[in-house]
Amino acid sequence: MLIGKVVGSVVATQKDEKLLDRKFLVVQIHGHEGQPRDQYVVAVDSVGAGPEDMVLYATGSSARQTTITDGRPCDAAIMAIVDSWDLGGENVYEKWA
Amino acid sequence: MLIGKVVGSVVATQKDEKLLDRKFLVVQIHGHEGQPRDQYVVAVDSVGAGPEDMVLYATGSSARQTTITDGRPCDAAIMAIVDSWDLGGENVYEKWA
Amino acid sequence: MLIGKVVGSVVATQKDEKLLDRKFLVVQIHGHEGQPRDQYVVAVDSVGAGPEDMVLYATGSSARQTTITDGRPCDAAIMAIVDSWDLGGENVYEKWA
Amino acid sequence: MLIGKVVGSVVATQKDEKLLDRKFLVVQIHGHEGQPRDQYVVAVDSVGAGPEDMVLYATGSSARQTTITDGRPCDAAIMAIVDSWDLGGENVYEKWA
Amino acid sequence: MLIGKVVGSVVATQKDEKLLDRKFLVVQIHGHEGQPRDQYVVAVDSVGAGPEDMVLYATGSSARQTTITDGRPCDAAIMAIVDSWDLGGENVYEKWA
C-alpha cells in the first residue's frame, strides 16, 4: 500500500454496470515523510473516506478483496483511513492534531 | 485507475482469437490536474468510448472483470467515461462545458 | 497493453518444463507516437510474430490467458500483431506501406 | 521481492474489517548494494518484524499468500526477515554483526 | 520477463513457513543490449541458477506458476537460464563463449 490524500472526485455516469454507486476518489500519493508527490490514483472508496483524509489504498487484484469492489473492474481501493504514522519513533502525521 | 484521453486506435487482424471484435484504443494518460503526460496505454473499450473522450481505465487482472474482457489476454480496459472531476472543490474538467 | 517491436530472441534450454517449445522474443517498447524507447520486455509469442513486427503485448496474469501461456510462469505475452495505428485521425504506422 | 528496512508504522482504526489486528509497517526500500532509496511501501507484517529490521516483502496477489493476509485487501506483505545478503561473495549486510 | 544476472543471495531464517528451503537470489536487471542497470529483484530460483548466470525471471502471479513457488508469498521467480540472445541477428550474449 501507499499513503495518499483524498484531493478530489471523478463523476462518471457511463461506466461498467458493476461499478454503479461506487465512488471514485482522486488520491494524491504522499511520500513516507509526508510530502505530496506529483502522482495520483483514482480509487474506489470502501471505508467512507472524505475530502482531505489521509488514506491507505491497495492496488491490483488486492483492490478487489473488499465487499465494495469484489469482482469489479477496479484496480485501486481505499481500504483504510490513516489516523497517524511515525518514522523512527517521530510522529509524521496526526489526524486529530 | 488513471485518467486518460482516447487519442487513437490500433488495428490488428492477427490476434488471439478471444480478442476478435474487441476495439483497441490508444489512451494518453493525464495527470490529476488535467495535463497530458507522455505516457499511454492501449486499452480494450468496454463502455463505448469515442475519440477525445476522457476515460478511466483499469489494469491487470482488474481489466478482465468486464463482460467484454473476461478471460481474455487483455491487461487494460476502459471501464468508465469521465463526465467531470474536481480537485479541492475546483472543477478541473467538464465534458459538457 | 503497450506497442513494441520484435527486435530479437532469447535462447534458454534450461527452463521451467511448462515453457518447453515456447518462443521468447525481445520486444522493444515504443511510444504512442512511434518512437522507440530504451525499454524492453521478453515476451512469449502466441500469434506467430516475426522479426521487426510491431506487436501488442499483455503483462501479468493477463499474459496467461492464451492457450500458449495458460498456467505457465510467463508474465508477458504477444497477443496481437499490429497492422496500423493512428492518432487523432493521422496514421502513425502502417505495416504494409 | 525487494529488500527494505522497517522505519515506522501506520495507525488506522477505520479500515476494511478483514484487516482488523493487522499491523501496517512503513518499509523504506533499499538498493541491492544496501543504500536506502527515497521509496517506501506500507506492508502488512506476517513474520514478526520489528523496528530497523531489514526485510523482504512481496507485492500484488503474492502478498496474499500468507495466513495473515489471505483474502484481504493488502498488496504488500513482509514475508521474511533478512539475516544477511552478499554480492559477488562479499557480505553487504549482516544482522548480527 | 526481463533479463538479469545472478549477483548474490539473501539469507533469511525467519520467514513464511511456505518458503522454507527456497533459495532467494539477488538478480541485477540488465538492458536488452546487455548493459547492467541499477535495478534488482530478489527472486526464488526454480531452475538451478548459479552465480553469474544470466536468467529470465517472471513477476507477480506468474511467478507462482512453478512447482517451487505455487501458492507461496513470492512475487519473482527465475524460470529460465539464458544461453544466448540476439538483437537484429547480432549476438548480444553467449553463455558458452
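Predicted model: local features only at pLDDT ≥ 70, side-chain atom pairs only at ≥ 80, totals over all residues.
**How the chains meet: C with E, and A with D**

Residues are numbered from 1 along each chain as its sequence is written, chains are lettered from A and ligands numbered from 1 in the order in which they are written, and side-chain values use heavy atoms, with hydrogens and water left out.

Reader: What share of the contact residues of chain C recur in chain E?

Author: Contact here means heavy atoms within 4.5 Å. The copies use different surfaces, and the share of chain C's contact residues that recur in chain E is 3%.

Reader: Thanks! Which axis relates chain A and chain D?

Author: Chain A can be laid on chain D by a turn of 72° and a shift of 0.0 Å along the axis, with an RMSD of 0.0 Å. The two copies are thus related as by a five-fold rotation axis.

Reader: How much area is buried between chain C and chain E?

Author: The contact takes 31 residues from chain C and 28 residues from chain E. Buried area is the accessible area (1.4 Å probe) that two parts lose on being put together, summed over both. Carbon and sulfur atoms give 49% of the area between chain C and chain E, and the total is about 2300 Å².

Reader: Which residues of chain C lose the most area to chain E?

Author: Three residues together make up 29% of what the chain C side buries. They are Gln14(C), Tyr40(C) and Asp75(C).

Reader: How many residue pairs are in polar contact across the interface of chain C and chain E?

Author: Let's take salt bridges before that. With a salt bridge defined as a side-chain nitrogen of Lys or Arg within 4 Å of a carboxyl oxygen of Asp or Glu, the count between chain C and chain E is 0. A polar contact is a pair of N or O atoms within 3.5 Å, where within protein one must be able to donate a hydrogen and the other to accept it, and residues adjacent in sequence count only if both atoms are side-chain atoms. By that rule, with both residues at pLDDT 80 or more, the number of pairs is 17.

Reader: Which residue of E7(E) is the bridge partner of Gly8(C)?

Author: Strands (E, at least two residues) are DSSP runs, numbered from the N terminus, and two of them pair if DSSP finds at least two bridges between them. E1(C) runs antiparallel to strand E7 (residues 84–87) of chain E, joined by 4 bridges. Within E7(E), the partner of Gly8(C) is Leu87(E).

Reader: Nice. Now, which residues of chain A lose the most area to chain D?

Author: Here 28 residues of chain A are in contact with 31 residues of chain D, and the two chains bury about 2300 Å² between them. Three residues together account for 30% of what the chain A side buries. They are Met1(A), His32(A) and Gln65(A).

Reader: Which residue in E1(D) does Asp86(A) stand opposite?

Author: E7(A) pairs with strand E1 (residues 2–11) of chain D in the antiparallel sense, over 4 bridges. In E1(D), the residue opposite Asp86(A) is Ser9(D).

Methods. Least-squares fit on C-alpha atoms with pLDDT ≥ 70 in both.
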